[in-house]
Structure formats: structure tokens, C-alpha cells
Amino acid sequence: MSFSEVARKVRAGEALSAAEGVLLYRHPNLVELGALANEMRERLHQDRVYFNRNLHINPTNVCVAQCKLCSFSRRAPDAEGAFVLRVDEAVARLQASLLAGDAPTEVHLVGGLHEGLPFSYFVELLSALKAAAPGICLKAFSAVEIFFFHRLYKLSIEEILRRLQGAGLASLPGGGAEILSSRVRKAICPNKCGAEEWIEVHRTAHRLGVKSNCTMMFGTVETVEERVQHLLRLRDLQAETGGFLAFIPLPFHPENNALFDRPAPTAAEVLRTFAVARLVLSNVANIKAYWVSLGLDTAQMALWFGADDLDGTVSEEKIYHLAGARSPQSLTPAEMARIIRTAGRVPVERDTLYRALAPRPQQEAV
Amino acid sequence: MSIQPDFDIFSLGRAAQAKARTLFDGRACLTSTRRLNVDGTWFGPPRATCSLADEDAISARGGLASVREAGANAILCNLESTVALQAVAAGLRCLVRVPFAAGEAADERRGRVAELADFLGHFPGVDGIVPVPLGEVQGLDTLAFFALCRQEAEKKHVIADFERFGHKLGQLCLSFGADEILGSIVGQRALRLGERASSNEITRDEAVLLVRAAGFVPCERLPDGGISEL
């Protein structure tokens with residue numbers, strides 16, 4: 001098997017095997033790999049790069065999981081820096097962003113696994129946000145949180161999702177997947193839900209009509225083979241449900257967490273991962289370059305290595321900045337459009353479900 | 001400003017990388033560098049193997065002999081340089097800075113590359129080319145310019161300056177024709193706190209990792225100008 005044979009399969013639209021994914025990862029020529037990924041990316045999306053206007057709200061950073069890779073959480077509710085956002089505070093944040101001019105179309109909510117909060121808090125949180133902005137899309141709670149709710153409140157995953165859906169849940173973020181391997185999860189996040197459980201939450205959500213994203217946090221203790229297996233597991237679920245909107249590669253950030261002695265993945269490794277993901281995940285339409293995690297320069301280049309989405313304006317990101325991210329904490333839509341244009345691509349504003357939106361008349365056309 | 005690339009980044013990259021790999025056998029060199037400031041102080045690790053003076057410093061310090069006396073063993077000259085010949089004759093390593101601006105027109109860029117080719121024709125003793133961005137640094141544009149420089153550079157080194165590009169873009173330049181990294185490469189790095197928060201200082205181990213992760217064999221430039229494989 002050679003790179004050119006794999007390239008032929010890609011061009012013929014054939015799905016790649018695990019061995020072929022590993023071969024791509026180990027291919028010494030990053031430019032060749034990028035060119036192949038870009039070919040597929042342009043076949044799917046031409047020059048378009050998607051972005052949206054989104055507000056990040058973290059309901060709490062109190063978390064029992066205590067993952068080694070995390071710089072955000074606090075173990076105890078009374079620990080220094082621990083917080084739980086009141087529902088009215090969350091609503092006030094949304095209202096402030098609606099008044100600020102660049103009104104978001106999406107609220108992205110993720111938080112810690114807090115044992116002391118009732119389920120009603122989360123239902124009320126969604127209901128109140130939806131009531132404050134009925135047109136807004138609530139992308140809320142990673143599979144790890146949903147599974148935690150299932151265990152803590154002794155309700156089935158389906159029941160948890162149905163109740164949240166009733167309160168306004170529109171989609172699930174893709175976080176918490178890390179690497180879908182029991183060996184890796186045992187090493188870096190032993191208290192989080194397992195790989196099967198993460199997949200089961202997304203499978204259930206998709207069955208209920210709740211679309212979701214999927215991620216891969218890479219660069220800790222996993223092997224290249226485990227990364228490729230991770231991608232194949234996502235591809236298998238997508239073949240079964242069709243519910244994934246986007247895949248988001250997330251390089252590990254080593255600051256302020258228990259894995260601080262490990263180097264972060266280099267830019268070449270990050271771009272390599274984008275390219276391999278684009279080529280292996282042939283049935284997931286969008287590959288997202290989350291600029292907060294990557295930094296703007298690498299995110300721009302990822303738009304030529306398989307990515308077609310730059311995420312959103314991201315008002316008030318905390319999780320990656322506490323882990324050492326040096327990117328800005330938010331961008332305006334005009335800034336996002338400029339970043340995309342300077343990368344030689346065409347910006348397209350989208351909603352959470354990747355429907356293209358018309359430019360807003362009162363603002364600079366994107 | 002809309003900057004639609006009028007180049008095929010992958011074609012440029014393929015050609016540049018193929019040429020660099022052939023010329024340097026898949027090796028990329030780390031050069032720990034300190035730079036002479038116009039006030040006579042040095043910026044960078046004291047034990048750097050390369051002590052670099054640019055034309056501003058040479059002029060401010062009173063000429064080539066003075067900067068040599070101050071410890072410089074390499075100069076970074078401009079394309080309009082008048083000191084390149086003297087520097088080579090004096091046994092100093094001579095590098096040339098090639099400016100470029102993000103988003104400039106293709107004609108303008110071709111002009112810069114032609115100017116470089118002309119300079120190299122007049123000064124065959126120049127050992128390396130250092131692309132230097134004017135204003136905002138943009139990733140794709142930078143990589144394309146490195147690839148163009150590689151095509152003109154023949155056997156000269158094409159050098160990514162980590163102080164200008166940072167580690168991320170600097171590393172990627174290796175895949176687009178660069179074969180040498182210039183920067184504050186140190187044994188142990190101070191924490192990036194306070195004044196050093198945005199420091200581009202990098203340890204030797206980190207630099208080796210960057211080169212290996214880019215798919216190249218790391219080498220190191222020695223004080224006597226030799227190259228040692230790591």
C-alpha cells in the first residue's frame with residue numbers, strides 16, 4: 001500500500017481503512033498530505049468557509065471528574081475560583097450580547113460535572129435562555145454531561161435528552177470524546193464516561209433528531225493508531241445515524257493541568273491531523289478549525305488542510321484560555337470574515353445546523 | 001482587504017520541499033542566535049553559536065570591523081547592501097534579508113524574487129536568505145514566499161527566523177523550502193511570564209522536536225560554522 005494508492009481511493013470516494021489512515025498520518029510529506037485533503041475539502045465546499053455568531057456560557061466549573069488534561073475545573077463548590085452561574089445571570093449575559101450589536105444565533109453551554117445541582121437547574125437554564133431569545137439555537141451539554149445527568153438523576157439517557165429538548169435543546173457540542181479508547185481514557189480522564197457511553201449518548205441524541213458535533217483531543221498519551229481508530233468509530237456512528245454536523249480536532253494544551261510536562265502538538269502535527277481527519281471522515285460534511293484552541297494563524301492554515309469551518313465569534317471563552325491558549329477571547333463577525341478572506345477563502349455565515357444565513361443589512365457584509 | 005491567492009500553495013510547496021530535500025538530504029539546521037542591537041548590547045542567548053549584526057547595527061556601531069570586534073560572526077544585509085562583499089572577505093557568514101508584504105500583487109512579488117536572484121548573482125558568497133515580513137504576518141502568504149525563495153536560492157540556505165514568525169509558522173516553513181531555523185535557542189527557557197510572556201525563546205529540545213515533527217532530520221550549526229547531526 002502506498003500514498004498514491006490511498007490517494008486513488010480518496011479520489012474514487014472509497015472509505016479508507018485503519019491501516020490507510022495510519023499510513024497517511026506517517027506520510028513524511030505534509031504538503032502532499034495537505035494537497036490531498038484540500039482536494040476533498042474543495043470538492044465538498046469549494047472556497048467556502050463557515051462561521052457563526054455564538055456566545056459561550058459555562059454554567060459551572062465545579063466538577064467531580066478531575067481530568068488530568070483540564071485547567072478549568074474545581075473539585076469542591078467552595079474551592080477558590082469555583083462558581084455556579086445563576087439562571088438569571090446566564091440570561092443577563094445573553095441579553096447583554098443581544099444588545100451589543102452582533103447578536104448571536106447560538107449559545108454554546110458546557111460545564112463541569114456538579115453533584116450538588118438538581119436537574120431542574122439545567123432545564124430551567126435552557127427554558128429561560130430560550131424564553132429570552134426564542135430564535136436562538138441552544139447547543140448545550142457534552143455527552144459527558146448528559147451521561148453524568150443520567151447517572152446522577154437516575155433517568156435514562158433518552159429521558160434526559162427528551163426533557164432538555166423540551167426546554168429548548170437543539171444540538172449537542174462534541175466535547176468530551178478525547179480519544180475513544182479505554183486505555184487512553186483510563187490514563188487521562190478515568191472519571192469521565194467511557195467511549196461506548198459517549199457514543200451511546202450521541203446515538204440516542206441523533207435518534208431523537210438532535211444533531212451533534214464530535215471532537216478528538218489529541219497529543220496526550222495516545223498513539224497514532226488510537227487516533228485513527230477514534231476517527232473510524234465516529235465514521236461508523238455517522239454511517240449509522242447521519243447525526244454529526246462537524247468534526248473538531250482539538251490539540252492538547254499543557255498549561256495549568258496535570259499533564260503540564262508534555263509538549264503540546266506542533267503546528268505540523270496539528271495540520272497533519274486535520275488532513276487525516278478530512279480524508280478518513282469522508283461521511284462527516286464539516287471539519288472545524290476551532291480558532292480559540294488552535295490560535296488564529298494555525299486555524300487559517302487549517303483552512304487549506306481540510307477544514308471548512310472556523311467556529312464562531314465565541315464571546316467569553318474560558319476553558320482553553322485557562323489551559324494557556326493565547327488567542328483573543330472573542331472576535332467580531334467582520335474580523336472573522338477578514339481572517340477567512342485573508343486565507344484566500346470566502347466567508348459564509350451559518351447557523352448551528354450549517355444553513356447559510358443572509359448577511360445582516362446593518363452590518364458590514366461578510 | 002480581500003486577498004485571493006494567485007498561486008497554488010501546494011504546487012509551490014511540493015517543488016520547494018523537493019528541492020530542499022535534495023539539496024540538504026532531508027536535514028534541517030538549528031542555529032542558536034543572538035543579535036547585536038544598535039546600542040551595542042546583545043539580544044538573545046549569550047552562548048549562541050551565531051552572533052548576528054544587521055546593517056543598522058553595523059552602521060550605528062561604526063562599521064564592519066567594529067561589530068566584528070564586538071563579537072559578531074555573521075551579518076544580515078539588505079538587498080541594496082554595500083557590505084556583503086567585505087563581510088564575506090572578512091570571513092563572516094553573510095545572510096541577506098528579503099522583505100515581502102502580505103497580500104502584495106503577484107507582479108510585486110515576482111519583482112522581489114528577481115531582485116533576490118540579481119543580488120545572489122552579484123554576491124555568490126552569500127550563505128543564506130532570510131525572508132522578512134513587512135507588517136502583518138499571514139501564514140499562507142509566508143509559506144508561499146518561502147517556497148518562491150527556495151526556487152531562487154539554489155544551494156543557499158533559506159532561513160526561518162523564529163523571532164519574526166514564532167514556532168508554529170516557523171516550523172511549517174520547513175515544509176515550504178526552509179532548511180534552517182534561526183532563533184533564541186537555549187538550554188533552559190525561563191517561564192513565559194511578565195516581560196517574557198510573548199517571548200519566542202525556545203529550548204534546544206523543543207527545537208529538535210519541532211524539526212522532527214515536521215519530518216526532517218535535526219542538525220545544529222556549530223560555532224566554527226560546521227554542521228552536526230543531532
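**Entry 1: the three-stranded sheet**

I started with a sheet of three strands in chain A, which is open and runs in the order β9-β1-β10, with parallel pairing. The model I am reading is predicted. I looked for the edges next. They are β9 (309-312) and β10 (346-349) of chain A; each has a single partner strand, so one side of each is left without a neighbour in the sheet. On average, neighbouring strands here are turned by 25° against each other, direction ignored.

Then I asked what packs on this sheet. I found α14(A), which touches β1, β9 and β10 of chain A. The direction of α14(A) makes about 145° with that of β10(A).

**Entry 2: strand β1(A) and its partners**

I went through the pairs of β1(A) one by one. β1(A) covers residues 48-52 and pairs with β9(A) in the parallel sense over two bridges. I noted A:Tyr50 opposite A:Asp309 in β9(A). I also noted A:Asn52 opposite A:Gly312 in β9(A). With β10(A), the pairing of β1(A) is parallel too, over four bridges. There, A:Phe51 stands opposite A:Glu349.

How many residues of β1(A) are buried? I get four of the five, so β1(A) is largely enclosed by the rest of the structure.

**Entry 3: the seven-stranded sheet**

I moved on to another open sheet of chain A. Seven strands form it, in the order β2-β3-β4-β5-β6-β7-β8, and the pairing is parallel. I looked up the edge strands: β2 (54-57) and β8 (286-287) of chain A each pair on one side only. I picked one pair to inspect inside this sheet. β6(A), residues 211-218, and β7(A), residues 244-251, run parallel and share seven bridges. A:Asn213 faces A:Ala246 in β7(A).

**Entry 4: a look at chain B strands**

I checked two pairings in chain B. β4(B), residues 74-77, runs parallel to β5(B), residues 93-101, and four bridges join them. B:Ala74 stands opposite B:Arg93 in β5(B). β5(B) also pairs with β6(B), residues 128-134, in the parallel sense over seven bridges. In that pairing I noted B:Val98 opposite B:Pro131.

**Entry 5: chain A as a whole**

I counted elements: chain A has 14 helices and ten strands. I then compared its radius of gyration with the globule rule. The value is 19 Å, close to the 21 Å that the rule gives for 366 residues, so chain A is as compact as a globular protein of that length. Along the principal axes, the C-alpha atoms fill a box of roughly 55 × 50 × 40 Å. Of the 366 residues in chain A, 54% are buried. I also looked at the contacts of chain A with a separation of 6 or more. Residues 24 or more positions apart account for 77% of them.

**Entry 6: where chain A touches chain B**

I looked up the contact between the chains. On chain A, 23 residues are in contact with 23 residues of chain B. Which elements of chain A give two or more residues to this side? I list α3 (30-45), α11 (267-280), α13 (296-302) and α14 (333-342). α3(A) gives the most, with six residues. By class, I find ten nonpolar, nine polar and four charged residues on the chain A side.

**Entry 7: helix α3(A)**

I checked the length of α3(A). At 1.5 Å a residue, its 16 residues should span 22 Å; the end C-alpha atoms are 22 Å apart, which agrees. Buried residues of this helix include A:Leu30, A:Val31, A:Glu32, A:Gly34 and A:Arg41. What covers the buried residues of α3(A)? The cover includes α1 (3-11), α2 (18-26) and α11 of chain A, together with α1 (9-24) of chain B. Just after the helix, A:Gln46 takes a positive phi of about 50°.

**Entry 8: A:Ser97**

A:Ser97 sits in helix α4 (residues 87-99) of chain A. Is A:Ser97 buried or exposed? I find 23 other C-beta atoms within 10 Å, and the cut-off for buried is 20 or more, so A:Ser97 is buried. Leaving out residues up to four places away in sequence, A:Ser97 touches A:Leu55, A:Ala103, A:Pro104 and A:Ser315. I also took a distance to A:Glu145. A:Ser97 and A:Glu145 are 48 residues apart in sequence and 25 Å apart in space, C-alpha to C-alpha.

Key: Residues numbered from 1 in each chain as written. Chains lettered and ligands numbered in written order. Predicted model: local features only at pLDDT ≥ 70, side-chain atom pairs only at ≥ 80, totals over all residues. Rg over C-alpha atoms; globule rule 2.2 N^0.38 Å. Buried ≥ 20, exposed ≤ 12 C-beta atoms within 10 Å, placed from the backbone. Contact = placed C-beta atoms within 7 Å. Nonpolar A, V, L, I, M, F, W, Y, C, P; charged D, E, K, R; others polar. Expected span 1.5 Å × (residues − 1). Pairing = 2+ DSSP bridges. Axes fitted to C-alpha atoms, helices over the stretch in contact; angles between N-to-C directions.
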